[in-house]
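Okay, thanks for making time, everyone. Let me put the structure up, and then I'll walk you through it.

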Amino acid sequence: MGAVVIRRGFDIVVSAGLLVLTSPVLLAAVVAVKLDSRGPAFYRQRRAGLRGAPFDMLKLRTMVDGAEHVGAGLAIDAGDSRITRVGAFLRRTSLDELPNLVNVLRGEMSLIGPRPTLPAQVAQYTPRQRGRLAVKPGITGWAQVNGRAALPWSERIELDLYYVEHRSLALDLRILARTPPLVLGGGGLYKGTAGGWEGEL
């Protein structure tokens with residue numbers, strides 16, 4: 001119970017602090033998104049959270065408005081023509097995920113945990129794979145710092161399950177320490193049209 005309280009307190013303090021520190025960057029990104037293409041600056045997408053509970057994950061919009069209804073739908077690959085010029089930069093720098101901090105403040109996400117996936121993907125999980133839903137989804141996680149979307153989907157899930165089974169404050173600190181170089185490097189963002197997902201979307 002103590003670790004839960006500590007982790008939640010850490011989430012609140014850090015996410016609130018980061019939102020304050022990055023507010024000028026976020027504001028500039030919002031303006032850039034609006035100037036670059038028609039549509040809202042923010043994008044909401046339904047994701048599966050703790051124990052599969054649905055929530056709306058917030059991101060900066062990086063694709064043309066209504067992109068999920070045209071072309072490849074929810075599948076995205078490098079060079080996707082629906083990605084805007086500003087969106088490509090936001091994705092490369094992971095700035096599009098800054099609004100995830102609001103999800104953390106709301107308690108829907110944590111700073112560290114498996115990345116939240118689509119309900120359609122969760123519906124196709126095996127009983128073992130559903131184990132990744134035992135903790136809140138995170139902005140960064142063990143799979144993220146070990147290859148991101150460049151890994152096969154099955155390997156990413158195994159890394160997430162390793163995190164769930166070995167979760168500790170020490171492991172969280174290791175993940176946090178390894179996240180900045182990964183973000184600055186901008187690698188591992190895409191793997192195939194569905195990020196390595198082999199099921200239906």
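This is a predicted model: local features need pLDDT of at least 70, side-chain atom pairs count only at pLDDT 80 or more; totals for chains, interfaces and linings use all residues.

I'll begin with a charged residue, glutamate 108, which counts as partly exposed because its relative accessibility is 23%. Its side chain meets that of arginine 106 in a salt bridge, 3.8 Å from N to O. Arginine 106 is partly exposed too, with a relative accessible area of 45%.

Okay, zooming out to the whole chain. We have seven helices and four strands, and from the N terminus they run α-α-β-β-α-α-β-α-β-α-α. The chain has 201 residues, and 44% of them count as buried. If you take contacts between residues at least 6 apart in sequence, 69% of those join residues at least 24 apart. The accessible surface is about 10,100 Å², and carbon and sulfur atoms account for 63% of that.

Now the inside. The largest nonpolar core has 27 residues, and the ones touching the most other members are Trp142, Tyr163 and Ile175. Several elements give two or more residues to this core, including strand E2, helix H4 and helix H7. Which element gives the most? That's H2, with four residues. As for isoleucine 175, if you leave aside neighbours within four places in sequence, it's in contact with Ile112, Thr140, Gly141, Trp142, Val145 and Tyr163.

There's also a second, separate core of seven residues, with Ala48, Val122, Tyr125 and Leu161 among them. Valine 122 sits in helix H5 and counts as buried, at 6% relative accessibility. Not counting residues up to four places away in sequence, valine 122 touches Ala48, Thr117, Arg130 and Leu133. And glycine 52 is 70 residues from valine 122 in sequence, yet their C-alphas are 7.5 Å apart.

Next, aromatics. Searching the whole structure turns up one aromatic pair. It's tryptophan 142 with tyrosine 162: the ring centres are 6.0 Å apart and the planes are at 25 degrees, so the pair is stacked. Tryptophan 142 is in the loop between strand E4 and helix H6, while tyrosine 162 is in helix H6 itself, so the pair ties together parts 20 residues apart in sequence. Tryptophan 142 counts as buried at 8% relative accessibility, whereas tyrosine 162, at 36%, counts as partly exposed.

Which residues make the nonpolar patch of about 330 Å²? Those are Leu27, Val31 and Leu35. Valine 31 lies in helix H2, and at 42% relative accessibility it counts as partly exposed.

That's my tour, so over to you for questions.

Definitions and conventions. Residues are numbered from 1 along each chain as its sequence is written. Side-chain values use heavy atoms; hydrogens and water are left out. Patches are made of residues with over 30% relative accessible area and no salt bridge: like charges are joined within 9 Å, nonpolar side chains (Val, Leu, Ile, Met, Phe, Trp, Tyr) within 5 Å. Accessible areas come from the Shrake-Rupley method with a 1.4 Å probe; for residues, only the protein chains shown count as cover. A salt bridge is a side-chain nitrogen of Lys or Arg within 4 Å of a carboxyl oxygen of Asp or Glu. Buried means under 20% relative accessible area, exposed over 50%, partly exposed in between (1.4 Å probe, protein chains only). Rings of Phe, Tyr and Trp (its six-membered ring) pair if their centres lie within 6.5 Å; planes under 30 degrees apart count as stacked, over 60 as edge-to-face and the rest as tilted. Contact means heavy atoms within 4.5 Å. A nonpolar core is a set of buried Ala, Val, Leu, Ile, Met, Phe, Trp, Tyr and Cys residues joined through side-chain atoms within 4.5 Å.
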